[in-house]
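Reader: I would like to learn how to read aromatic contacts in a model. Please take me through one case.

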Amino acid sequence: MSTEQSQIIAPDALPEAITRYLDAHRVRDADTALGSFRPDATVTDDGRTHRGAEAIRTWLSREASQYTYTTELTRARKTGPDHYVATQHLEGDFPGGVVDLHYRFALVDGRIGSLVIEP
């Protein structure tokens, strides 16, 4: 399914692994968030890729303590089999103070195999 063919879905229609990650990340619960990922998963954020559980745990912990912010899930799309985009609106004390980020998920066997976060 191309971007033009992506399908807008209700946020509560996102797969359980994604909603568990988003909910845990919002309350800065790194252990629960990490449980949504496969052990060999990758996360790309700010142009840096974090590979594997320990690297992702370090990234989650750093993200939880670096800035104070609120998030609101504003849109969800299914972009292909096991591929989803969740758009989050963030407001906080990070540079710029407000941003909409696209969380691009690829699931493998019901868990997050990769996540790319970008504006």
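**An aromatic cluster**

Author: Tyr21, Phe37 and Phe105 form one aromatic cluster. A word on the source: this is a predicted model, where local features need pLDDT of at least 70, side-chain atom pairs count only at pLDDT 80 or more, and totals for chains, interfaces and linings use all residues. Residues are numbered from 1 along each chain as its sequence is written, and side-chain values use heavy atoms, with hydrogens and water left out.

Reader: How is a pair of aromatic rings described?

Author: By the distance of the centres and the angle of the planes. Rings of Phe, Tyr and Trp (its six-membered ring) pair if their centres lie within 6.5 Å; planes under 30 degrees apart are stacked, over 60 edge-to-face, the rest tilted.

Reader: How many aromatic pairs does a search of the whole structure find?

Author: Three. One of them joins tyrosine 21 and phenylalanine 37, edge-to-face, at 5.5 Å centre to centre and 80° between the planes. Tyrosine 21 sits in helix α1 (residues 16–26) and phenylalanine 37 in strand β2 (residues 37–45), 16 residues apart. Helices (H or I, at least four residues) and strands (E, at least two) are DSSP runs, numbered from the N terminus.

Reader: Is tyrosine 21 buried or exposed?

Author: Buried means under 20% relative accessible area, exposed over 50%, partly exposed in between (1.4 Å probe, protein chains only). Tyrosine 21 has 0%, so it is buried. Phenylalanine 37 is buried too, at 2%.

Reader: Why is the pair of tyrosine 21 and phenylalanine 105 edge-to-face?

Author: Because the ring planes of tyrosine 21 and phenylalanine 105 stand at 70°; the centres are 5.9 Å apart. Phenylalanine 105 lies in strand β6 (residues 98–108) and tyrosine 21 in helix α1, so this pair ties together parts 84 residues apart in sequence. Phenylalanine 105 counts as buried, at 2% relative accessibility.

Reader: What does histidine 25 touch?

Author: Contact means heavy atoms within 4.5 Å. Histidine 25 touches Ala33, Leu60, Glu63 and Tyr69, leaving aside residues up to four places away in sequence. Histidine 25 is in helix α1 and counts as buried at 10% relative accessibility.

Reader: What sits over the ring of tyrosine 69?

Author: A charge sits over a ring if NZ of Lys or CZ of Arg is within 6 Å of the ring centre and within 35 degrees of the ring normal. Here the charged end of arginine 28 does so, 4.3 Å from the centre of the tyrosine 69 ring.

Reader: How many helices and strands are in the chain?

Author: Three helices and seven strands. Of its 119 residues, 42% count as buried.
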